[in-house]
Amino acid sequence: MTDESETFHKGLENRKKVLGGAHVEKSWANADDFNRPVQRMVTEVCWGEIWGDETLDFRTRSMINIAMLTAMSQHHELGVHVKGALTNGVTREEIRAVLMQTFVYCGAPTGLAAFRTASAAIREWDEAQAATDASAPSKPSVGASSASMDVDTDKIDDAVLALLQLTLHDGCHAWKNFDWDVTDRLHQKDMIENPANKAKSLVLTDEGLRRSEELFRVLFTRKM
(Lines give C-alpha, C1' and ligand atoms only; values in the text may rest on other atoms or scores of the structure.)
Protein backbone atom coordinates (compact mmCIF):
# COMPACT_ATOMS: atom_id res chain seq x y z
CA MET A 1 0.00 0.00 0.00
CA THR A 2 3.03 2.28 -0.04
CA ASP A 3 2.30 3.40 -3.60
CA GLU A 4 -1.23 4.60 -2.75
CA SER A 5 -2.22 8.26 -2.64
CA GLU A 6 -2.07 10.50 0.42
CA THR A 7 -5.88 10.60 0.47
CA PHE A 8 -5.95 6.81 0.49
CA HIS A 9 -3.66 6.62 3.51
CA LYS A 10 -5.72 9.27 5.27
CA GLY A 11 -8.84 7.23 4.53
CA LEU A 12 -7.18 4.05 5.75
CA GLU A 13 -6.34 5.75 9.05
CA ASN A 14 -9.90 7.08 9.44
CA ARG A 15 -11.37 3.71 8.56
CA LYS A 16 -9.24 1.98 11.19
CA LYS A 17 -10.14 4.56 13.85
CA VAL A 18 -13.85 3.91 13.36
CA LEU A 19 -14.09 0.25 12.36
CA GLY A 20 -10.97 -1.15 14.02
CA GLY A 21 -7.62 -2.06 12.56
CA ALA A 22 -8.27 -5.81 12.42
CA HIS A 23 -11.51 -5.39 10.46
CA VAL A 24 -9.93 -3.03 7.91
CA GLU A 25 -6.74 -5.05 7.47
CA LYS A 26 -8.84 -8.18 6.91
CA SER A 27 -10.96 -6.43 4.27
CA TRP A 28 -7.87 -5.25 2.40
CA ALA A 29 -6.06 -8.59 2.75
CA ASN A 30 -9.08 -10.45 1.37
CA ALA A 31 -9.32 -8.16 -1.65
CA ASP A 32 -8.38 -9.75 -4.97
CA ASP A 33 -7.75 -8.43 -8.45
CA PHE A 34 -11.49 -8.29 -9.10
CA ASN A 35 -12.68 -6.35 -6.02
CA ARG A 36 -9.56 -4.49 -4.95
CA PRO A 37 -10.53 -1.41 -7.02
CA VAL A 38 -13.74 -0.98 -5.04
CA GLN A 39 -11.88 -1.41 -1.75
CA ARG A 40 -9.47 1.27 -2.90
CA MET A 41 -12.33 3.59 -3.87
CA VAL A 42 -14.14 3.08 -0.56
CA THR A 43 -10.97 3.83 1.37
CA GLU A 44 -9.92 6.83 -0.70
CA VAL A 45 -13.25 8.49 -1.52
CA CYS A 46 -15.54 7.49 1.35
CA TRP A 47 -13.04 7.43 4.21
CA GLY A 48 -10.42 9.81 2.85
CA GLU A 49 -12.44 12.58 1.23
CA ILE A 50 -15.85 12.35 2.95
CA TRP A 51 -14.96 11.18 6.47
CA GLY A 52 -11.81 13.27 6.15
CA ASP A 53 -13.90 16.43 5.80
CA GLU A 54 -13.83 17.96 9.29
CA THR A 55 -17.06 19.91 8.76
CA LEU A 56 -18.83 17.03 10.51
CA ASP A 57 -17.19 15.12 13.35
CA PHE A 58 -17.04 11.33 13.52
CA ARG A 59 -19.87 11.06 16.06
CA THR A 60 -22.25 12.95 13.78
CA ARG A 61 -21.23 10.94 10.73
CA SER A 62 -21.78 7.69 12.65
CA MET A 63 -25.33 8.68 13.55
CA ILE A 64 -26.04 9.72 9.96
CA ASN A 65 -24.77 6.35 8.74
CA ILE A 66 -26.96 4.46 11.20
CA ALA A 67 -30.02 6.29 9.89
CA MET A 68 -29.16 5.83 6.20
CA LEU A 69 -28.20 2.17 6.49
CA THR A 70 -31.41 1.48 8.41
CA ALA A 71 -33.45 3.15 5.66
CA MET A 72 -31.70 0.97 3.05
CA SER A 73 -32.05 -2.22 5.15
CA GLN A 74 -28.31 -2.80 4.87
CA HIS A 75 -28.08 -4.86 8.04
CA HIS A 76 -24.47 -6.04 7.75
CA GLU A 77 -23.13 -2.51 7.25
CA LEU A 78 -25.50 -1.24 9.94
CA GLY A 79 -23.99 -3.62 12.47
CA VAL A 80 -20.48 -2.54 11.50
CA HIS A 81 -21.36 1.13 11.89
CA VAL A 82 -23.20 0.66 15.19
CA LYS A 83 -19.91 -0.68 16.57
CA GLY A 84 -18.09 2.20 14.93
CA ALA A 85 -20.53 4.65 16.51
CA LEU A 86 -19.80 3.26 19.98
CA THR A 87 -16.09 3.57 19.27
CA ASN A 88 -16.67 7.19 18.25
CA GLY A 89 -18.37 7.95 21.57
CA VAL A 90 -22.02 7.76 20.49
CA THR A 91 -24.05 6.55 23.46
CA ARG A 92 -26.55 3.71 23.43
CA GLU A 93 -29.27 6.26 24.16
CA GLU A 94 -28.29 8.27 21.09
CA ILE A 95 -28.24 5.15 18.90
CA ARG A 96 -31.68 4.20 20.18
CA ALA A 97 -32.98 7.72 19.51
CA VAL A 98 -31.74 7.56 15.91
CA LEU A 99 -33.38 4.16 15.42
CA MET A 100 -36.64 5.39 16.95
CA GLN A 101 -36.72 8.21 14.41
CA THR A 102 -36.05 5.80 11.54
CA PHE A 103 -38.86 3.62 12.92
CA VAL A 104 -41.28 6.50 12.33
CA TYR A 105 -39.95 7.61 8.94
CA CYS A 106 -38.98 4.23 7.43
CA GLY A 107 -41.67 1.99 8.85
CA ALA A 108 -42.05 -0.56 11.61
CA PRO A 109 -40.57 -3.65 9.88
CA THR A 110 -37.45 -1.71 8.87
CA GLY A 111 -37.11 -0.19 12.33
CA LEU A 112 -37.56 -3.50 14.15
CA ALA A 113 -34.96 -5.18 11.95
CA ALA A 114 -32.54 -2.33 12.66
CA PHE A 115 -33.08 -2.69 16.41
CA ARG A 116 -32.31 -6.42 16.19
CA THR A 117 -29.12 -5.73 14.25
CA ALA A 118 -28.05 -2.93 16.57
CA SER A 119 -28.70 -5.00 19.71
CA ALA A 120 -26.49 -7.80 18.40
CA ALA A 121 -23.78 -5.33 17.38
CA ILE A 122 -23.79 -3.68 20.80
CA ARG A 123 -23.42 -7.06 22.53
CA GLU A 124 -20.52 -8.00 20.25
CA TRP A 125 -18.86 -4.63 20.84
CA ASP A 126 -19.22 -5.02 24.61
CA GLU A 127 -17.75 -8.53 24.47
CA ALA A 128 -14.80 -7.31 22.41
CA GLN A 129 -14.19 -4.47 24.86
CA ALA A 130 -14.32 -6.84 27.82
CA ALA A 131 -11.86 -9.19 26.13
CA THR A 132 -9.51 -6.28 25.39
CA ASP A 133 -9.71 -5.04 28.98
CA ALA A 134 -9.08 -8.54 30.34
CA SER A 135 -6.00 -9.06 28.18
CA ALA A 136 -4.54 -5.59 28.77
CA PRO A 137 -1.37 -5.59 30.92
CA SER A 138 -1.70 -4.00 34.31
CA LYS A 139 -0.56 -0.39 34.47
CA PRO A 140 2.45 0.45 36.63
CA SER A 141 1.63 1.82 40.06
CA VAL A 142 2.38 5.49 40.46
CA GLY A 143 1.58 5.81 44.16
CA ALA A 144 5.02 5.21 45.64
CA SER A 145 7.12 6.62 42.82
CA SER A 146 5.21 9.86 42.33
CA ALA A 147 5.59 10.73 45.99
CA SER A 148 9.34 10.76 45.60
CA MET A 149 9.34 12.65 42.27
CA ASP A 150 10.29 16.24 41.95
CA VAL A 151 6.90 17.24 40.49
CA ASP A 152 6.01 20.78 39.50
CA THR A 153 2.50 20.83 41.01
CA ASP A 154 1.74 24.17 39.36
CA LYS A 155 1.72 22.35 36.01
CA ILE A 156 -0.58 19.50 37.02
CA ASP A 157 -3.81 21.29 36.15
CA ASP A 158 -2.43 22.17 32.72
CA ALA A 159 -1.69 18.51 32.09
CA VAL A 160 -5.15 17.45 33.28
CA LEU A 161 -6.79 20.05 31.04
CA ALA A 162 -4.71 18.78 28.13
CA LEU A 163 -6.06 15.28 28.70
CA LEU A 164 -9.58 16.72 28.96
CA GLN A 165 -9.16 18.54 25.65
CA LEU A 166 -7.90 15.39 23.93
CA THR A 167 -10.76 13.27 25.27
CA LEU A 168 -13.43 15.80 24.36
CA HIS A 169 -12.03 15.68 20.82
CA ASP A 170 -11.84 11.88 20.61
CA GLY A 171 -14.98 11.09 22.62
CA CYS A 172 -15.67 9.22 25.86
CA HIS A 173 -14.00 6.10 24.46
CA ALA A 174 -10.59 7.75 24.77
CA TRP A 175 -10.99 8.13 28.54
CA LYS A 176 -12.52 4.69 29.01
CA ASN A 177 -9.39 3.18 27.46
CA PHE A 178 -6.96 5.65 29.06
CA ASP A 179 -3.52 4.07 28.96
CA TRP A 180 -0.03 4.64 27.63
CA ASP A 181 -1.40 5.28 24.13
CA VAL A 182 -3.17 8.40 25.35
CA THR A 183 -0.04 9.71 27.03
CA ASP A 184 1.92 8.98 23.85
CA ARG A 185 -0.48 11.18 21.91
CA LEU A 186 -0.18 13.88 24.52
CA HIS A 187 3.59 13.75 24.14
CA GLN A 188 3.26 13.99 20.37
CA LYS A 189 1.06 17.06 20.72
CA ASP A 190 3.52 18.62 23.21
CA MET A 191 0.63 19.12 25.62
CA ILE A 192 2.61 18.16 28.70
CA GLU A 193 6.21 18.50 29.76
CA ASN A 194 8.92 15.83 29.77
CA PRO A 195 7.92 14.19 26.47
CA ALA A 196 10.95 11.89 26.61
CA ASN A 197 10.14 10.51 30.06
CA LYS A 198 6.72 8.93 30.67
CA ALA A 199 7.53 8.36 34.35
CA LYS A 200 7.53 12.12 34.90
CA SER A 201 4.31 12.82 32.96
CA LEU A 202 2.39 15.08 35.27
CA VAL A 203 -0.94 13.57 34.41
CA LEU A 204 0.26 10.22 35.77
CA THR A 205 1.15 11.51 39.20
CA ASP A 206 -1.18 10.81 42.11
CA GLU A 207 -2.57 14.33 42.06
CA GLY A 208 -2.91 14.37 38.27
CA LEU A 209 -4.83 11.10 38.22
CA ARG A 210 -7.05 12.19 41.09
CA ARG A 211 -8.00 15.47 39.42
CA SER A 212 -8.48 13.75 36.06
CA GLU A 213 -10.83 11.17 37.55
CA GLU A 214 -12.89 13.86 39.26
CA LEU A 215 -13.26 15.87 36.07
CA PHE A 216 -14.21 12.92 33.89
CA ARG A 217 -16.57 11.42 36.45
CA VAL A 218 -18.57 14.64 36.50
CA LEU A 219 -18.53 15.07 32.71
CA PHE A 220 -19.10 11.54 31.47
CA THR A 221 -20.80 9.41 34.14
CA ARG A 222 -24.20 9.97 32.57
CA LYS A 223 -22.95 8.88 29.16
CA MET A 224 -20.88 5.83 30.02
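Predicted model: local features only at pLDDT ≥ 70, side-chain atom pairs only at ≥ 80, totals over all residues.
On the side of helix 1, the contact is made by Thr7, Phe8, Lys10, Gly11, Leu12, Asn14, Arg15, Val18 and Leu19. Helix 3 contributes Gln39, Arg40, Val42, Thr43, Glu44, Trp47, Gly48 and Glu49. By residue class, the contact of helix 1 with helix 3 divides into six nonpolar, six polar and five charged residues.

Helix 1 itself covers residues 6-19, which is 14 residues. From its first C-alpha to its last it reaches 20 Å, close to the 20 Å expected at 1.5 Å a residue. Its buried residues are Phe8, Gly11, Leu12, Asn14, Arg15, Val18 and Leu19. The spacing of such a list can be read against helix geometry: an α-helix has 3.6 residues a turn, so residues three or four places apart point the same way. Helix 3 (36-50) is one of the elements that cover the buried residues of helix 1. The cover also includes helix 2 (21-29), helix 4 (58-71) and helix 5 (75-87).

Glycine 20, which follows helix 1, has a positive phi near 100°. Serine 73 has a positive phi of about 55° although it is not a glycine. Most residues other than glycine have a negative phi. Serine 73 is found in the loop between helix 4 and helix 5, and its relative accessibility of 35% makes it partly exposed.

The remaining topic is the aromatic side chains. The model has three aromatic pairs, counting rings whose centres lie within 6.5 Å. One of them joins tryptophan 51 and phenylalanine 58, with 5.3 Å centre to centre and 75° between the planes. This pair is edge-to-face, because planes over 60 degrees apart are classed that way. How do the two partners stand in terms of burial? Tryptophan 51 is buried, with a relative accessible area of 5%, whereas phenylalanine 58 is partly exposed at 22% relative accessibility. Trp51 and Phe58 form one aromatic cluster together with Trp47.

Terms used: Residues numbered from 1 in each chain as written. Heavy atoms only, no water. Phe/Tyr/Trp six-rings, centres within 6.5 Å; stacked < 30°, edge-to-face > 60°. Buried < 20%, exposed > 50% of the residue type's maximum accessible area, 1.4 Å probe, protein only. Helix = DSSP H or I, 4+ residues; strand = E, 2+ residues; numbered from the N terminus. Expected span 1.5 Å × (residues − 1). Contact = heavy atoms within 4.5 Å. Nonpolar A, V, L, I, M, F, W, Y, C, P; charged D, E, K, R; others polar.
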